[in-house]
Amino acid sequence: MSKERARRREAREAQLERERAVRRRRVARRERRRAVVRRLTPRWPRRRTGRLARHSRGERAAIIGLTGVAVVAIWSFVDDVALRVVLVVLLLLVLPAAVVIALGRRS
């Protein structure tokens with residue numbers, strides 16, 4: 001009886017070892033594929049740099065959108081071309097200070 005149990009246990013262990021080997025091969029193949037994909041995909045810099053890097057995407061969109069609205073309003077309501085240009089230049093000069101005052105400086 002014990003010989004029969006030993007034979008069955010050996011068969012079970014052999015089957016488990018075959019399954020483990022198949023799993024190891026699958027995992028190794030998956031890791032090789034992932035490594036190839038990682039190597040082939042371009043790496044984009046994750047850190048934003050520059051003046052607008054401190055602000056989120058929504059804040060940047062709001063800054064640009066409101067500036068665009070202000071420029072359109074200036075060009076719509078002011079008749080004199082020289083005054084339009086002066087007001088747009090003044091808007092662009094004051095814009096950084098207005099952004100810092102409105103949104104605050106983040107470190």
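Here are some questions and answers about the predicted model shown above. Local features need pLDDT of at least 70 and side-chain atom pairs count only at pLDDT 80 or more, while totals for chains, interfaces and linings use all residues. Residues are numbered from 1 along each chain as its sequence is written, and side-chain values use heavy atoms, with hydrogens and water left out.

Q: What pattern does the chain follow along the sequence?
A: Let's start with the elements, which are DSSP runs numbered from the N terminus (helices are H or I with at least four residues, strands are E with at least two). The chain has 3 helices and 0 strands. Read along the sequence, the pattern is α-α-α.

Q: What percentage of the residues of the chain count as buried?
A: Burial goes by relative accessible area: under 20% is buried, over 50% is exposed, and in between is partly exposed (1.4 Å probe, protein chains only). The chain has 107 residues, and the buried share of them is 8%.

Q: Which helix gives the most residues to the nonpolar patch?
A: Patches are made of residues with over 30% relative accessible area and no salt bridge; like charges are joined within 9 Å, and nonpolar side chains (Val, Leu, Ile, Met, Phe, Trp, Tyr) within 5 Å. Here W75, V81, V85, V89, L90, L93 and V94 make a nonpolar surface patch of about 640 Å². One of them, V94, counts as partly exposed because its relative accessibility is 44%. With 6 residues, the top contributor is helix α3 (residues 81–103).

Q: How many salt bridges does the count come to?
A: The rule asks for a side-chain nitrogen of Lys or Arg within 4 Å of a carboxyl oxygen of Asp or Glu. One example joins E17 and R20, whose closest N and O atoms are 3.6 Å apart. These two residues lie 3 residues apart in helix α1, about one turn of the helix. By this rule, the count is 5.

Q: Why are E4 and R7 separated by about one helical turn?
A: Their side chains meet in a salt bridge, at 2.9 Å from N to O. R7 is exposed, with a relative accessible area of 52%, whereas E4 counts as partly exposed at 33%. The separation is about one turn because, in helix α1 (residues 2–40), E4 and R7 are apart by 3 residues.

Q: Where do the buried residues of α2 lie around the axis, on the same side or on opposite sides?
A: The buried residues of α2 are I63, T67 and I74. They cover an arc of only 25° (taken from the directions from the helix axis to the C-beta atoms), so they lie on the same side of α2.

Q: Which exposed residues does the face of α2 turned away from its buried side carry?
A: What covers the buried residues of α2 includes α3, where contact means heavy atoms within 4.5 Å. The face turned away from that buried side carries R57, V69, V72 and F77.

Notes. Areas by Shrake-Rupley, 256 points an atom, 1.4 Å probe, with all protein chains shown as cover.
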